[in-house]
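Please read its points in order, with the sequence and the model at hand.

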Amino acid sequence: MALIPTNPQWRGLVLLAIIIVVLGVLPWTVNNYWLRIATGALMWAGLACSWNMLGGYAGYINFGQSAFFGLGAYVTAFLMGDPFGLPFSATIPAGMVVTALCAVIIGAPTLRLRGAYFAIATWAFAEVLIQFASAMDFTGGIGGIGLPPYLNERFFYFAMFGTAALSYFLTWALFERSRFGLKVKALRDHEPAAEAMGINTALVKLQTFVLSAVTASVFGAIFAYWVTFINPKSVFGGDITDQMVVMVLLGGLGTLWGPAIGGVALFVVNRLIWMYWGDTAFYIAILGTAIVLVVLFLPNGIAGLFARRKNDALDKVLDKLVGSGEGGHP
Amino acid sequence: MDLFLQTLLNGLLIGGVIATFTIAFQLAFGVLHVIDFAVGGWVVLGGYLGYYVTAWLGLDGFIAIPLAFVLFGAVGYLIGPVLYNVRNSRTARPELMALALSFGLFTLLRGGMLTAWGFNTRNVTTTLSGESLAIGPVTVPLIRVVAAVFAAAIAGGLFLFLYRSRYGLAIRATAENRHNAALMGVNIGRLSANVYGLYAGITAMAGVLMGAIYSVNPEVGLRYTLFAFFVAVLAGLGSVEGALVAALLLGVIEAFVSTYVGASYSLLAIFTTLFLVLLISPRGILRRGL
């Protein structure tokens, strides 16, 4: 019994260590097929985390996150292509810079406005990038663009694993354990009050948005190199954003582990549907249904389910101790 | 010069059709305070209704217009209260939850339509399809003229209802200040359901017209949602009068870019305009936004 610590914080750490060890030895225990699925699950958990930074912690819904995922993918594909031929590691920083610039250009004017304007602007930006990439020659048009193949599944697994782990660490360090996180949460909960406290809300929102966008772009870069072929729909497509939104809503908006739970759960469902039916249009309908159902019946996500149950139990104990029979708490 | 005039006229005619559903969109935002992503979905559904009326019943496409209003008005009337409840719920961020709900609804409509009907495009045929009308030096397809006339009739009817009826007064009062309207005895919940039904019905009617002018497939819904957003930003969210001006402007911009630059650049031009407006005058060019 002494091996299992009773302190919840230590329990969490032990659980985290077990997860890291399991994920670390996974590539040597499963075949390539399952390794690819695990790589995809890690990517989606990381992408959901990137969306959650702005959507969950700052409360601004970004309906065009696929734009930044796609920008990372396209910059990598473009720079590794014929005239440049740069190595993969050099293209990631380039993608990050391009993405950060785009995020500032989109975010600076629209983040000052109501959340609805921001949602419109980001969504329109992603849709326009599809049109742009389809119309231009240097992006390969609708046909897309190929990358030099690199057939090392373990490399991509660890690239996704490392980036996802870094995303979650950044989220934890910045949003859960720092003054910056307090500022972000303050502006989410009451923006005028946060401003009155002297927080430069416009700047904080922009910083969060850029961080979220750049994180997505790194995943995009790895994804492009991994699948070796991208086209406008496959990296800018609205379905990618839809999926991130569902994952975060399902897991729990504004929680640290919610996006990981929702991301892995939905990705597994996605693969199962793909295995049995192989039909993508049907999956879009399922995503839509999932969003509607979660908003209506599970607004705090799976993570909220656990938190609420714990609080309910606590409330019952407190009610018994204090002896208030009404039981109605606000 | 003839090409210029023709493009201008084409743009104004299309803009007129866009105006019908964007006016309704603005009205729904003014009352419900929800940006409805599903707007493009209602347009496409209207177009498909028009297609099935012609393909299955063998009737003229325009017969579908009143049918679309009744059918999708009823569907909207059922969805309205759900949206209203989420928007006014006690969750942490009801505004974002309502936005997510309408986004989910849009995704559901798109996925459902793709599953049911695939990626093929369908046309709404009417007796006027293929005919054209010559006005002086310019010729325009007759269908566009008639569609614009229908659109003007729908928009005119809506304005008459809003500004000449007692219920229209209640809607305008709610859009202006919901708390005061509620104090004056307006049942906001029921009115929201009615307005969403009205909006969905009008949008589906515009969809029949759009299907007759162009063609319809599940993926063009995205385009119409973008149109509605463009108009909303240009006019200022919730401004009904501004929507008319902005929609005509949108039609003209789209027509000119398509004619003189290339159709694949039209969305790019629309987005650039939208972005410049957000940058320079965030409450819309008429400065009437909420």
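1. This note concerns a predicted model. It begins with helix 2 of chain B, in which 15 of the 17 residues are buried, so this helix is largely enclosed by the rest of the structure. Helix 2 of chain B covers residues 39–55 and reaches 25 Å from its first C-alpha to its last, close to the 24 Å expected at 1.5 Å a residue.

2. Which residue in the loop between helix 1 and helix 2 of chain B deserves attention? That loop contains His33(B). The phi of His33(B) is near 60°, a positive value in a residue other than glycine. Is His33(B) buried or exposed? His33(B) has 22 other C-beta atoms within 10 Å; a residue counts as buried at 20 or more, and His33(B) is therefore buried.

3. Where helix 1 of chain B meets helix 10 of chain B, the contact has 17 nonpolar residues, nine polar residues and one charged residue.

4. The overall make-up of chain B may be considered next. Chain B has 11 helices and two strands. Read from the N terminus on, its elements follow the order α-α-α-α-β-β-α-α-α-α-α-α-α. Buried residues make up 53% of the 290 residues in chain B. Of the contacts in chain B with a separation of 6 or more, 78% are between residues 24 or more positions apart.

5. What radius of gyration would a compact globule of 290 residues have? The value would be near 19 Å, and chain B agrees because its own radius of gyration is 19 Å. Taken along the principal axes, the C-alpha atoms of chain B fill a box of roughly 55 × 45 × 35 Å.

6. The two chains also meet, with 35 residues of chain B in contact with 34 residues of chain A. On the chain B side, the elements that give two or more residues are helix 4 (94–117), helix 9 (221–235) and helix 11 (266–280). Helix 4 of chain B gives the most, with 16 residues. By class, the residues on this side of chain B are 25 nonpolar, seven polar and three charged.

7. In chain A, helix 9 spans residues 201–227, which makes 27 residues. From its first C-alpha to its last, helix 9 of chain A reaches 39 Å, close to the 39 Å expected at 1.5 Å a residue. This helix of chain A is mostly covered, with 21 of its 27 residues buried.

8. Which residue follows helix 9 of chain A? That residue is Thr228(A), placed in the loop between helix 9 and strand 2 (229–230) of chain A. The phi of Thr228(A) is near 60°, a positive value in a residue other than glycine. Thr228(A) has 13 other C-beta atoms within 10 Å and is therefore partly exposed.

Note on methods. Residues are numbered from 1 along each chain as its sequence is written. Chains are lettered from A and ligands numbered from 1 in the order in which they are written. This is a predicted model: local features need pLDDT of at least 70, side-chain atom pairs count only at pLDDT 80 or more; totals for chains, interfaces and linings use all residues. Two residues are in contact if their C-beta atoms, placed from the backbone, lie within 7 Å. Helices (H or I, at least four residues) and strands (E, at least two) are DSSP runs, numbered from the N terminus. Ala, Val, Leu, Ile, Met, Phe, Trp, Tyr, Cys and Pro count as nonpolar, Asp, Glu, Lys and Arg as charged, and the others, Gly among them, as polar. The expected span of a helix is 1.5 Å times one less than its number of residues. A residue is buried if 20 or more other C-beta atoms lie within 10 Å of its own, exposed if 12 or fewer, and partly exposed in between; C-beta atoms are placed from the backbone. The radius of gyration is taken over C-alpha atoms; the globule rule is 2.2 Å times the number of residues to the power 0.38.
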